[in-house]
Amino acid sequence: MESKPLTKNIDMSRPPLDIAAYEANEGYQSIKAIAAGLSPEDVLQLVKDSGLKGRGGAGFPTGLKWSFVPQGENSPKQKYFVVNADEMEPGTFKDRLLMEGDPHLMLEGMIIGSYTIQASTAYIFLRGEYKASEYALKKAISEAYDKGYLGKNILGTGFDLDIILHTSAGRYICGEETALLNALEGKRANPRAKPPFPQVSGLWGKPTIVNNVETVCNLPGILSYGVDWYHGLTKGNDHGTKLFGISGRVKTPGCWELPLGVTIREVIEQYGGGMQDGYELRAFLPGGGSTDFMLPEHLDLQFDYDEVAKVGSRLATGTMILLDDKTCPVGMIGNLMKFFAHESCGFCTPCRDGLPWVDEIFNEFETGRGTEKDLQILHEHVDYLGPGRTFCALAPGATAPLGSGLKIFAEDFDRHIKEKCCPYKH
Amino acid sequence: MAKVVIDGIEYEVNPDNNLLQECLSQGLDLPYFCWHPCMGSVGACRQCAVKQYRDADDKDGMLVMACMTPATEGSIISIEDPQAKDMRERVIESLMISHPHDCPVCEEGGECHLQDMTQMSGHNYRRYDKKKVTHRNQYLGPFINHEMNRCITCYRCVRFYDDYAGGTDLSVQAAHHHTYFGRHEEGVLESEFSGNLVEVCPTGVFTDKAFSEHYTRKWDLQVAPSVCTGCSVGCNTTPGERYGSLRRIVNRYNSEVNGYFICDRGRFGFDYVNSDDRIKVPLTRNGSEMEVVPAGELQPTINSFKGSGVIGIASPRASNESNFALRCLVGDENFYSGIADEEHEATQLILSLARDKAFNAPSVREIELADAVVVLGEDLTNVAPRIALALRQSVRNKAKELAEGCHIPSWQDAAVRELAQHDRSPLAILSSYATRLDDIASDLVIDAPAQLANMGAAIANKISDKAPSASGEEEAIARIAEQLANAKRPLVIAGSSAGNIGLIQAAANIARALHETRGEAIDLCLVVPEVNTIGMSMLVNSSNTLGSALDKLQSGSASKVIVLENDLYRRAAHKSVDAALDKAKAALVIDQMPTATTAKASTILPGTSFSEHEATYVNYEGRAQLSFQVHRNHAAALPAWRWLSEQQRGDIDSLINRCAEEAANFDKLDDLLPGLNEFVAGMKIPRQSHRYSGRTAMKANLNVHEPKQPVDDQSILAFSMEGVPATKDASVLGAAWAPAWNSNQSISKFQEEINGELKQGHTGELLIERNDSGSYLEVAAGSDDGQLQVAIAYQIFGSDELSAKSSTIQHRMTDAYVAIAPADAKSLGVDHGETVSLDGNGNVAIACIRSKMKEGTVAIYCGDNEIDRHALGDSVALSKAANANVRRGIQGLIVSDLFEEAQA
Amino acid sequence: MSADLIASSATKARQLTDAEIKEIEHEMELYPDKQAVGLEALKIVQKHQGWVSDESMQAISKYLEIPVADLESVATFFNLVYRQPVGKKVILFCNSVSCWIMGCDDMRAHINEKLGVDFGGTTEDGDFTFLPVPCLGDCDRAPVMMVGDDLHRNLTAEKIDQIFTDYRSKE
Ligand SMILES: Cc1cc2nc3c(=O)[nH]c(=O)nc-3n(C[C@H](O)[C@H](O)[C@H](O)COP(=O)(O)O)c2cc1C
Ligand code: SF4
Ligand code: FES
């Protein structure tokens, strides 16, 4: 049985499999299973039973999310399924791999998702800069239409589906699922209030599911090989495999599909090859730029949702950013803050006006003009930009590295103030 | 009702609202910016943070935005919680990061919601010491100033301008802390409601340009409750005066009429009051010259207009009192209508329908409740603008209904819009030319007025076959009929401006058909052009038309005429006015500004303007409203009724009482008068705030002694700061002010509940009782003589006589034009912008080629009475003319259905 | 929205090209609402013209009957819509965290020196516009940048020199 369902077809040294090769490797089996009689309710139950959690960052159970879509006679005729392929979180490079490496897998997943909620139109919201993904997906979509996996009356099921590839005009906030909907509607990508959730009022006011690329890529395996197989993949409490990545000063940075629950040490040492010579691991962000710093003492933790949460961080995208001992932590956090400040949509006050202040203060630290007062203001902004205070999760995301960094690297901040310069730049 | 606990105290609140609104309704202070009482919540500013607890045992609680949280039964919240207070202080601190702190030179200072909220939130020490973000400002036209650096990014401007008022040329641009609110390029803000930005913006980004040039702090303005005289809606306003000049007009809340918003004609159309051209002294004719009437001769001159042979001509822009005084002076039978004969006939029909039990004349608020509307022929944006704004809200009832189905509360403004997208309640517009409401119309029918009337008749007949039959485009007729029949609250709108009585008859038939099938009174909104068209018409005998008055003068059966605040050249063909006035032995004209009619007068008496006297007016619904004097006229002008009444002194209250007693249907008029006994210790209500400053310094260049405050023996208001400001018991509220609330947002402190009636009670009195049961009307048919059928077009800036004399409005006015279909223009050989002659009789207008015109129909805009409108028939012959003197041109015209090729 | 309510403007629309119109028409089939097509049209025009001029925006506004203020609102919101002319190739230079750790500041300085422009600038010869971009999602091969549609990874000063030489020689 398959142990790497997400990446089994991926070999970046060659172009992705075309549809024939994809089919030959058990591709589109799930659609055939649907054609053979799986009802939307059956699929929903399978996905619920699989325990699949969203891979877009929040880790919300996918089956549960789908179950909020109104079904049955009186539900709106038009529904939408949307894949969130806007990957723009700093340090995150997993969805790109899936789309460039095996576009048909995602399409297969999309057909499953759309069928389950009975959406006849699905959009891929693709990051504009992902040109290679765009070409790969375009080709795959047209192959899928030709083979009858897309279009009218798919494989005689009576189910119709069009997949439309939308390339984003670029902004991190578009990754936030409700902002994404506004962007798809051609509006400014400000997030929307929740409730109402997109499952009830989403794209053009119609029930809509938004799922991450990796989440969607999990679906074909679940349908093709079954829930038991899926549950057997993991080494921890959460089910399935996950793409884990490392950037920073390891010997062999990269992205690998591994069972949930591998230890962090295993990922870094076995797959990342350990730290480059002359560098030591100082701390790391476990799942992209909006997670809390973790420390070398956490290396033996199992890498899954609950374990990481126990030490106050989040698995999120599972792509780690490593901070080494020769790189300034203040500078690193400052870089993240500049990103978040620039990518704020400008809708709500704390985020729009708070983050630039934070950014300005980091500029002062960088040039040796930071003061105790500035540091105090940074501390205050951790609360001020936190969950519940802002309209969406962008600013709280920024407070994760900021808040944890202020604690862990207090000494470094002090040195910047006292030495009136960045000590790492001597 | 639901019980919620706020800081340990239990309150009864409305669970359909959000916590912010309910806190404010309870009189609690909770700061906010992006929320607006009638635009709902979007949760952008994060200023209204409160602590919410799960239950009585929850000690930690969670911060929530009050505006985004429903006031559900059992909610426990705290405004005073330290964490919530800290959050609110932080938010203000953030908002002030790039604010210029230019309060001393900012027009908004002293009535700035941002100032109030800054104080209330407790932010007072500035810690931000980095660079501020700065912006470039834009030229936005003659009405509005732009100072973007003051912006706090609350999104209210675009939410009002675009979402609420349907504007399309103001938007939010850029992102993060560079977010910018402006046009795509510099230029005139097009919306007819742009002035509301001044009040909607919680700080000084959008300010009143004319006011800016000589701005005065709110507390230094002398104000009184007033009524806009711009059209028949009668929006409530607060004019403010300083140093003898009227400085500005702002909205005055009236839950039934204008709510929070007025149009730009009403806001900017007043400065003729300050004009040097005002008639300042009584004048009498000496040959071709006018001379000042010597003091001793004034009374004898006036007295010479008493007795037999004198007739009076009333005025739709004069108060009930002045009209009534004239009626008393000349006698019922000699008191004539002051409007054109066709309009008179239409208005008398409107009055008869106003007595009919089958109908209800909806207030503006009620118009907003309609869920299916048909408009027959009226260009509401240009003749009754506030109603057009209300219709924009009515079409959203569909969205609210959808939202209810999805359990989305209607105050979740963005969510409701996102759900409904372009789904709207039906609004059918039958018009002779494109209107500014077309973008929300479900059906748009463009045709000549008579054809539209016919179509209206067909709709009525479709609803009930008892209505007289008519034929027309079947599909649209059936659709509109069905929409009205199926609506929860259908609304039919017509009026006299379109100049075709058939449209009113058809509207009445539609409403009657609906009444017949549903059994309830149907909203029938019949608009008229001027502030007191209805009041005046109620005072005039229906047979006393203006035409018959002119005939009497011309035939010599009347020898003298008193013309009350009226330019007769706007009311009848110039030839017949000339003939009448030339023949009259004497003509006494009372007015504020010189007109073609005053030029023919033998005696001219200066009248006071709307802000210089107390008066009542009757709006399109038959709602009488009281408007107070704001300031004194320093010249010799008197209210017209004073010139006309026996003893020239007298007081307005007794005249109103007399009018209530003597004039049919006016019996409730005196209910408008607040009695002095209602006031604290019998003290008057000050027109000046108790913080009116520098009284001794005001005329320091002349004298440092404090001048004696003039006494107002006419009114319950005082021309000073002495007295007791409006309290709960006084039915008079000029400028709203409450402790800690200096901005217009203080109005919440005076409302029974948010968006409810004022505690002062203020909504006016509906005068006309409905006791009649009428029947279907025969709808007048049009005739087609093969010529171009005429429809009359109006402009919000220009069609109203007095506001057109305001310099601010004049910036936006155009010359007279003829709107014409491309094909007709082609066959006449005229290009866009060229001059055409009408009927070859010397009337010229500029050709305006519009794509949405029916071939064979033209729409004529008469400009500021540049065209002898009443000399025109139902049809017209056009010919190309030598290019006439272009004064303003038509470049400033915002009709936007200009024909492409014509533009190029 | 109807043509009636499109803002009056001093700037006149240019004519859209047949190719642009064809592509815009195609987008109309993919989105049920004009507003969505508006954003696509901005991208289409940019693809053909390199950037979105005022005249282009007016043209889209006219063609789709979307108020130009609404188009400006979205055009200025997104990072990849250029409202100013850009060079023949746009350099999107990742300056997010992983690239920063891997020394992208030095690469930026190198490009600045090499091309004589910093972020926001266009070279005098009009060949390149140099812009920062958030994380390009290739963090395991940082530092990275895009030139036109091409992604360049594991940047070094030498590599960068070679890249520019190659582009310029291709012209
Ligand atoms: C600021 C912000 C950016 C986000 N960016 C992405 C993204 O690029 N891709 C993604 O899949 N989810 C992103 N998310 C999470 C989405 O909002 C959403 O939770 C996710 O797409 C749901 O998919 P899932 O249930 O499959 O995880 C982002 C969230 C926030 C607050
Ligand atoms: S967003 Fe804001 S004012 Fe604005 S009122 Fe609420 S949170 Fe409140
Ligand atoms: S941080 Fe540069 S590619 Fe990710």
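**Figure 1. Leu64(A) and helix H4 in the predicted model.** Helix H4 of chain A spans residues 62-67 and contains Leu64(A); helices (H or I, at least four residues) and strands (E, at least two) are DSSP runs numbered from the N terminus. Leu64(A) counts as partly exposed because its relative accessibility is 38%, the class between buried (under 20% relative accessible area) and exposed (over 50%), with a 1.4 Å probe and protein chains only. This is a predicted model, in which local features need pLDDT of at least 70 and side-chain atom pairs count only at pLDDT 80 or more, while totals for chains, interfaces and linings use all residues. Residues are numbered from 1 along each chain as its sequence is written, chains are lettered from A and ligands numbered from 1 in the order in which they are written, and side-chain values use heavy atoms, with hydrogens and water left out.

**Figure 2. Residues around ligand 1.** Ligand 1 is surrounded by 18 residues, each with a heavy atom within 4 Å of the ligand. The closest are Gly56(A), Lys65(A), Asn84(A), Asn212(A) and Thr215(A). Strand E4 of chain A (residues 208-212) supplies three residues, the largest share of this shell.

Figure 3. A polar contact here is a pair of N or O atoms within 3.5 Å. Oxygen atoms of ligand 1 lie 2.7 Å from a backbone N or O atom of Gly56(A), 2.9 Å from a side-chain N or O atom of Asn211(A) and 2.6 Å from a side-chain N or O atom of Asn212(A).

Key:
Polar contact = N/O pair within 3.5 Å; in protein donor to acceptor, adjacent residues only side chain to side chain.
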